[in-house]
Amino acid sequence: MKTTAQAASLEFPEPIVTDLQTGSMRENVRIERASKTIGQLRHVFLDEQARNSLDAETVVYAVEYWRPVSEGTEGGLYWGNSTIYPGVVGEEFFMTRGHFHARKNRAEYYVAVSGKGMLVLMDEHRHASAQEMSPGTTHYIPNRIAHRVVNIGDAPLTFLACWPSDAGHDYATIDEQGFSIRVMRRGERPEIVAQP
Ligand SMILES: [Fe+2]
């Protein structure tokens, strides 16, 4: 027989703690973690030769996420953070692989916690734009828009994200076609260049 407490814990997931200074998540065994290294990001950056010259084990970005409901649940939400470390591949800043959502009509929020970055957005016709990220900037990523985050500073860039549990990830379209703009380090400044 279920106790009231057990029934409640299934229906009402226990909270986690998000450290608002750092964006890190803790105190819940269900927090999942993953990372991507230089070696795993083949053909993501413009300069493959430069990528191959770097230590393949170098972590480019790491994520923590909390999935209170199973993947694909309609009407649920997920919560996570991403930290992109500072660095360049050739002249191109470290960045996430980027994706559309598999279920295209799903949106997302990003909130920058620390560091300095650019959020690159691109629609299905390859029209792209970039928004500056700094602590507190809050970004609404509309549905049908691909998104990628670039660290343009010398410190880790951390942001929080909230997205629908049935959004999924379409990485393949970006793997095949890339984004139509790239963010490069030219001198000390970031420069946005077109990538047809
Ligand atoms: Fe997303």
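## A hairpin to start with

In the hairpin of β9 and β10, five residues sit between the strands, and R126 takes a positive phi near 70°. Strands here (E, at least two residues) and helices (H or I, at least four) are DSSP runs, numbered from the N terminus. β9 covers residues 117-122 and β10 covers residues 128-133; they pair in the antiparallel sense over six bridges. To count as a pair, two strands need at least two bridges found by DSSP. If pairing is new to you: strands of a sheet pair through backbone hydrogen bonds, either parallel or antiparallel.

## What you are looking at

This is a predicted model, where local features need pLDDT of at least 70, side-chain atom pairs count only at pLDDT 80 or more, and totals for chains, interfaces and linings use all residues. Residues are numbered from 1 along each chain as its sequence is written.

The score pLDDT is the predictor's confidence in each residue, from 0 to 100. The protein chain averages 93, and 95% of the residues score at least 70. Over residues 1-8, though, the pLDDT is below 50, and this stretch has one contact in the model beyond near neighbours in sequence. A contact means that the C-beta atoms of two residues, placed from the backbone, lie within 7 Å. Where pLDDT is low, the predicted coordinates should not be read in detail.

## β9, β12 and the residue L119

β9 also has β12 as an antiparallel partner, with six bridges joining them. Follow L119: its bridge partner in β10 is Q131, and in β12 it is V149. Leaving out residues up to four places away in sequence, L119 touches Y110, A130, Q131, M133, H139, H147 and V149.

Is β12 enclosed or open? Six of the six residues of this strand (residues 146-151) are buried, so it is largely enclosed by the rest of the structure. Buried means 20 or more other C-beta atoms within 10 Å of a residue's own, exposed means 12 or fewer, and partly exposed is in between, with C-beta atoms placed from the backbone. Both faces of β12 are covered, with A146, R148 and V150 on one side and H147, V149 and N151 on the other.

## The nonpolar core

A nonpolar core is a set of buried Ala, Val, Leu, Ile, Met, Phe, Trp, Tyr and Cys residues joined through C-beta atoms within 7 Å. The largest one here has 32 residues, and M118, L119, V120, V150 and F159 touch the most other members. Elements giving two or more residues to this core include β4 (59-66), β5 (77-84) and β14 (181-186). The largest share, five residues, comes from β9.

## An open sheet

Six strands form an open sheet in the order β3-β4-β5-β13-β8-β11, with antiparallel pairing. At its edges are β3 (31-37) and β11 (138-141), each pairing on one side only. From one strand to the next, the twist averages 20°, using axes fitted as lines to C-alpha atoms (for helices, over the stretch in contact) and angles from 0 to 180 degrees between N-to-C directions.

β8 (residues 108-114) and β11 pair in the antiparallel sense over four bridges. Here E108 stands opposite I141 in β11.

Most residues other than glycine have a negative phi, and most peptide bonds are trans. H43 has a positive phi of about 65° although it is not a glycine, and R144 does too, at about 65°.

H43 is found in the loop between β3 and α2 (48-53). Is H43 buried or exposed? H43 counts as exposed because it has 10 other C-beta atoms within 10 Å. R144 lies in the loop between β11 and β12, and it is partly exposed, with 13 other C-beta atoms within 10 Å.
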